[in-house]
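Subject: Structure handover

Hello,

My notes on what turned up follow below it.

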Amino acid sequence: MASKQSMPTLSDEQLGELLGLIEGADSVELKLTVPESDHHAAVGVLGLDPLDAQIRQVYFFDTPDLSLYKAGVVARARRVQGKGDDSVVKLRPVEPDQVPKKLRKTRGFGVEVDAMPGGFVCSGSMKSDARADVRDTVIGAGSLRKLFSKEQQAFFAEYATEGIDLDNLSILGPIFVLKLKFKPEELKRRLVAEMWLYPDNSRILELSTKCAPAESFLAAAEVRSFLSERGVDLSGEQETKTRKALEFFSKRLKAGA
């Protein structure tokens with residue numbers, strides 16, 4: 001693992017934009033994807049035990065050419081070991097001060113800034129427990145619409161590409177995920193490790209922590225110092241789990257068609 005790293009930085013203009021987004025957000029999530037060649041070493045130096053991880057299955061819903069994703073909308077459902085099923089409709093990017101007040105007050109809705117080395121994005125998400133069994137639905141026993149609450153359906157209808165209906169979307173997935181929460185004594189802050197395992201045997205290891213907007217820069221400094229001291233590479237190319245999953249299954253659908 002790298003001993004000297006050049007971490008991607010933001011320009012002054014980008015930093016100003018980030019500060020504005022953080023000020024209007026409900027929460028901030030700091031993320032880092034570890035280069036695949038360093039996965040084994042990172043798991044070792046962080047003391048992660050895979051047997052402590054929670055198992056998840058993640059399904060996305062979109063058109064074969066990803067019309068929703070291109071319009072900034074993500075529809076997703078998950079099966080979570082020990083917790084049950086949930087669903088989310090996400091819109092990104094968003095400007096916090098332009099989100100309608102009524103929407104900001106809706107139960108399950110939140111505005112979050114995701115920040116990673118060299119980049120960031122602000123999203124608005126409507127989350128809920130799944131209204132139907134995800135496994136039964138994806139194997140053909142029910143409509144996709146029934147996975148989502150009335151509030152999520154209204155949110156989807158407002159921002160999805162015109163003419164696209166939830167029940168007409170393709171199922172993209174599943175992605176097998178291992179999620180492990182841990183709190184290093186040296187850091188005093190909870191971290192999350194997620195390993196996303198793709199059907200082509202590639203994988204993404206993401207480390208993250210959530211924090212209040214007011215403490216985001218302190219949290220970033222603390223986590224960066226902690227990971228750097230342990231040789232975790234902070235300079236690798238950053239990948240987004242969702243985009244990789246959608247593009248993989250989009251290609252598979254097209255090939256099958």
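Phe-60, Trp-196 and Tyr-198 form one aromatic cluster. This is in a predicted model, so please read every value here as computed from predicted atoms. Trp-196 and Tyr-198 are both buried. Tyr-198 also has a charge over its face: Lys-244 sits there, 5.1 Å from the ring centre.

The model has six aromatic pairs in total. In one of them, the ring centres of Phe-155 and Tyr-159 are 5.2 Å apart; their planes meet at 65°, over the 60 degrees needed, so the pair counts as edge-to-face. Both residues belong to helix α6 (residues 150-159). They are four residues apart, about one turn of the helix. Phe-155 is buried, because its relative accessible area of 6% is under 20%. Tyr-159 is partly exposed at 29%. The pair of Trp-196 and Tyr-198 has its ring centres 6.5 Å apart and its planes at 35°, so this pair is tilted.

Ser-202 and its surroundings

Lys-244 comes back here. Its side chain makes a polar contact of 3.3 Å with the side chain of Ser-202. A second polar contact, at 2.6 Å, links the side chains of Ser-202 and Asp-200. Ser-202 is in the loop between β8 (191-197) and β9 (203-211). Is Ser-202 buried or exposed? It counts as buried, at 15% relative accessibility. Leaving out residues up to four places away in sequence, Ser-202 touches Glu-36, Trp-196, Leu-197 and Lys-244.

Asn-201 is found in the loop between β8 and β9 as well. Asn-201 is exposed, because its relative accessible area of 69% is over 50%.

Backbone points to check

Most residues other than glycine have a negative phi, and most peptide bonds are trans. These are the exceptions I would list:

- Asn-201 has a positive phi, near 75°.
- Leu-66 has a positive phi too, near 60°. Leu-66 is in the loop between β2 (54-62) and α3 (67-70), and it is buried at 7%.
- Arg-92 and Pro-93 are joined by a cis peptide bond, with omega about 0°. Pro-93 is in the loop between β4 (84-91) and α4 (101-104).
- Gly-173 to Pro-174 is also a cis peptide bond, with omega near 10°. Pro-174 lies in strand β7 (residues 170-182).

Empty space

Rolling a probe the size of a water molecule over the atoms shows where empty space is left. The largest pocket has a volume of about 1100 Å³. Its lining holds 48 residues, and those closest to its centre are Glu-29, Lys-31, Lys-90, Glu-112 and Lys-210. Which strand gives the most to that lining? It is β6 (residues 119-129), with eight residues.

There is one cavity of 30 Å³ or more. The largest cavity has a volume of about 30 Å³. Its lining is made up of Phe-60, Val-74, Arg-76, Lys-90, Arg-92 and Thr-242.

Thr-33

Thr-33 is part of strand β1 (residues 27-34). Thr-33 counts as buried, at 3% relative accessibility. A polar atom of its side chain lies 3.2 Å from the backbone nitrogen of Glu-239. Beyond the residues up to four places away in sequence, Thr-33 touches Ile-204, Leu-205, Glu-206, Glu-237, Gln-238 and Glu-239.

Phe-217 lies in helix α7 (residues 216-229). Phe-217 is partly exposed, with a relative accessible area of 43%. Its contacts, setting aside neighbours within four places in sequence, are Leu-15, Leu-18, Leu-19 and Ile-22.

Glu-17 belongs to helix α1 (residues 12-24). At 43% relative accessibility, Glu-17 counts as partly exposed. How far apart are the C-alpha atoms of Glu-17 and Phe-120? They are separated by 9.7 Å, for residues 103 apart along the chain.

Best wishes

Terms used
Residues are numbered from 1 along each chain as its sequence is written. This is a predicted model: local features need pLDDT of at least 70, side-chain atom pairs count only at pLDDT 80 or more; totals for chains, interfaces and linings use all residues. Side-chain values use heavy atoms; hydrogens and water are left out. Helices (H or I, at least four residues) and strands (E, at least two) are DSSP runs, numbered from the N terminus. Buried means under 20% relative accessible area, exposed over 50%, partly exposed in between (1.4 Å probe, protein chains only). A polar contact is a pair of N or O atoms within 3.5 Å; within protein, one must be able to donate a hydrogen and the other to accept it, and residues adjacent in sequence count only if both atoms are side-chain atoms. Contact means heavy atoms within 4.5 Å. Rings of Phe, Tyr and Trp (its six-membered ring) pair if their centres lie within 6.5 Å; planes under 30 degrees apart count as stacked, over 60 as edge-to-face and the rest as tilted. A charge sits over a ring if NZ of Lys or CZ of Arg is within 6 Å of the ring centre and within 35 degrees of the ring normal. On a 1 Å grid over the protein atoms alone, a cavity is a set of points where a 1.4 Å probe fits but cannot get out, and a pocket is an open set with protein on both sides within 12 Å along at least five of seven lines; lining residues have an atom within 4 Å of a point. Grid points are joined across faces, edges and corners, and a volume is the space filled by probe spheres set on the points.
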